[in-house]
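Let us walk through this structure together, one feature at a time.

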Amino acid sequence: MQKKKFLESSGELKKIKENRDIIIAIGGCMMQEKHITDKLKKSYPFVDIIFGTHTLHKVPEDIYKTIINKEKIKDIIDIDGEVYEGIPVKRTNNRKASVTIMYGCNNFCTYCIVPYVRGRERSRNPENILNEIKELAKEGYKEITLLGQNVNSYNGGNNYKFSNLLKDVDKIEGIEIIRFVSPHPKDFTDDVIESIKTSKKISRLIHVPLQSGSTNVLKAMNRKYTKEQYLNLIDRIKKKIPDAVFSTDIIVGFPGETEEDFEDTLDVVRKVNFEQIYMFIYSRRIGTLADKMENQVSEKIKHKRFDRLKVLFEESIEKNNQKYVGTTQKILVEGYSKNNPEMLTRKN
Ligand code: SF4
């Protein structure tokens, strides 16, 4: 939820609380940011429980204490290295499911708050992950997305890496499509490419976040790869997996991004022919290094560049889609389209 929306709805919750005896608990990674909890405590004193990303498993205990002792609870800790198993997951879809394989991030990209609010990387035990997916398969789930801030630096211990996990998930009967988000280009090693290549279930639409096509901007972002290394990775994947196609994330208007830098991003977009681009206009995030950079790009320029990227992508996707005409592709169909009851569709 965005910060503004979240704070607006906190006011609505106050009205509900005035009329009904309810407990208001607010949690998540935003609560790991001190300026947010300070504001909540000052302006929203009717909130009973504030919990962070590392205390999710303690929510029932916090609720119990609030009921019994009538106390307000702020349950936030800064820890690394803990993984809690067995926390129930509410799934809204009965055919595809996301399974978290690791938490946290060690990368400290300069625009991102995640390493500060979710702590350092820690991976779940492979056995627990595989058992969870086997259970999902028994329940009829067909598509699994392995989730993590940096999935390909997964470390299951005893040299059990992300490539091993992919191979083992691949063997689970009943699961037909496997995806993963988000890998980091710098950790996209040959063994991971090999695991994808040998699998019939791992999606050939591979998400490889670019963020910027300019080596200068990538350096300022602390992404730890250059434009050339990114393009080289795409080539390596394509050579091993000829039917691989790519989606990506791009941030437009990062501090210091010049016209030339932006042209580099457009150049990568032209070269890779992405199937899907998640485009973002850079926005400042308190607590990050990029927020303190003095060379912020004006809103006007950011929006103009964003529009140019969008136009380029729309033109390329039209051409790109031609290659699918007359071919047969495997997709997960989830029901009939709302707009056309005669058309089958995938919901997202
Ligand atoms: S953008 Fe991704 S890799 Fe970079 S710090 Fe944030 S979560 Fe980590």
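Start where two parts of the chain meet: domain 1 (3-75) and domain 2 (96-324) both give residues to the lining of the second largest pocket, so this pocket lies between them. The domain bounds come from an automatic or database domain assignment. Before going on, note that this is a predicted model, in which local features need pLDDT of at least 70 and side-chain atom pairs count only at pLDDT 80 or more, while totals for chains, interfaces and linings use all residues. Residues are numbered from 1 along each chain as its sequence is written, and side-chain values use heavy atoms, with hydrogens and water left out.

The second largest pocket has a volume of about 850 Å³. Of its 31 lining residues, the closest to the centre are Thr53, Leu56, Ile87, Thr100 and Tyr103. A pocket here is an open set of points on a 1 Å grid over the protein atoms alone, where a 1.4 Å probe fits, with protein on both sides within 12 Å along at least five of seven lines; lining residues have an atom within 4 Å of a point. The volume is the space filled by probe spheres set on the points, which are joined across faces, edges and corners. The lining has twelve nonpolar, twelve polar and seven charged residues. In this count Ala, Val, Leu, Ile, Met, Phe, Trp, Tyr, Cys and Pro are nonpolar, Asp, Glu, Lys and Arg are charged, and the others, Gly among them, are polar.

Which strand gives the most to this lining? It is β4, with three residues. Strands are DSSP runs (E, at least two residues), numbered from the N terminus.

Now follow β4 (96-100) into an open sheet of three strands, with the order β4-β7-β8 and parallel pairing. β4 and β8 (177-181) stand at the edges with a single partner strand each, so one side of each has no neighbour in the sheet. Two strands pair if DSSP finds at least two bridges between them; β4 and β7 (residues 143-147) have five.

Key:
Helices (H or I, at least four residues) and strands (E, at least two) are DSSP runs, numbered from the N terminus.
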